Amino acid sequence: MPEEIDEYQHVNNTIYLQWLDVIAWAHSAKLGIPLERCLSLRRGMAIRHTRADYLEAALLGDNLLIGTWIVACDGRLRCTRRFEILRISDQRRVLEAEIEYFCLNLDTGKPARFPSEFAQHYTVIPEVAAAYAALPGGSRVIGYSRTGADLPSG
């Protein structure tokens with residue numbers, strides 16, 4: 001859409017994050033936890049950490065495929081989703097990202113244990129776990145370094 005294109009004539013980086021949010025909600029609904037259910041349970045998944053690697057520019061008119069998978073989940077408080085955006089015309093990855101979420105009590109704004117429905121539906125599929133484990137180490141980044149060793153010095 002033209003409004004998603006920035007001054008450099010490619011999709012603005014903030015738009016990718018909006019797309020990830022849309023596909024995450026669509027996936028949650030497919031798993032049986034639509035927004036309406038989260039609201040009735042008074043629980044939701046809030047973002048703790050996002051890592052996005054912008055690999056190629058997407059341009060106006062590009063047809064893109066967006067996918068997400070749950071690649072880690074402790075069954076109590078946290079889940080991590082992996083996302084990939086692929087340009088269909090040349091099969092190039094435009095973006096890969098991982099977002100770590102935590103369960104949030106919508107009334108208090110504080111972290112909360114998963115309701116049983118979250119624990120039941122937010123699970124890692126064994127084939128996804130195997131495929132994720134086979135990725136090169138640099139493509140498997142969950143969370144962030146607490147040591148700061150990956151930060152530039154200066």
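Where does Leu106 lie? Select Leu106: this residue is in the loop between strand 4 (92-105) and helix 3 (116-121). Helices (H or I, at least four residues) and strands (E, at least two) are DSSP runs, numbered from the N terminus.

The model is predicted, so local features need pLDDT of at least 70 and side-chain atom pairs count only at pLDDT 80 or more, while totals for chains, interfaces and linings use all residues. Residues are numbered from 1 along each chain as its sequence is written, and side-chain values use heavy atoms, with hydrogens and water left out.

**Whole chain**

Colour the chain by secondary structure. The chain has 4 helices and 4 strands, in the sequence pattern α-α-β-β-β-β-α-α. Of its 154 residues, 33% are buried; buried means under 20% relative accessible area, exposed over 50%, and partly exposed in between (1.4 Å probe, protein chains only). The accessible surface is about 9200 Å², with 56% of it belonging to carbon and sulfur atoms. Accessible areas come from the Shrake-Rupley method with a 1.4 Å probe, and for residues only the protein chains shown count as cover. Among contacts (heavy atoms within 4.5 Å) with a separation of 6 or more, 65% are between residues 24 or more positions apart.

Leu106 itself counts as partly exposed because its relative accessibility is 30%.

**Cores**

Next, select Val11, Tyr16, Trp19, Leu20, Phe83, Ile85 and Leu95. These have the most contacts inside the largest nonpolar core, which has 15 residues. Helix 1 (13-31), strand 3 (78-87) and strand 4 each give two or more residues to this core. A nonpolar core is a set of buried Ala, Val, Leu, Ile, Met, Phe, Trp, Tyr and Cys residues joined through side-chain atoms within 4.5 Å.

Centre on Trp19. Leaving aside neighbours within four places in sequence, Trp19 is in contact with Glu4, Val11, Leu64, Ile66 and Ile85.

**Cysteines**

Show the cysteine sulfur atoms. Which residue does a disulfide join to Cys73? The partner is Cys79, with an S to S distance of 2.5 Å. A disulfide is a pair of cysteine sulfur atoms within 2.5 Å, and the count by this rule is 1. The link of Cys73 and Cys79 is left-handed, with -45° about the S-S bond. Cys73 is partly exposed because its relative accessibility is 25%, whereas Cys79, at 4%, is buried.

Now select Cys38 and Cys103. Cys38 is buried at 3% relative accessibility, and Cys103 is buried at 0%.

**Positive phi**

Finish with two glutamines. Gln9, in the segment before helix 1, has a positive phi of about 70° although it is not a glycine. Gln91, in the loop between strand 3 and strand 4, has a positive phi near 60°. Gln9 is exposed, with a relative accessible area of 54%, and Gln91 counts as exposed at 52%.
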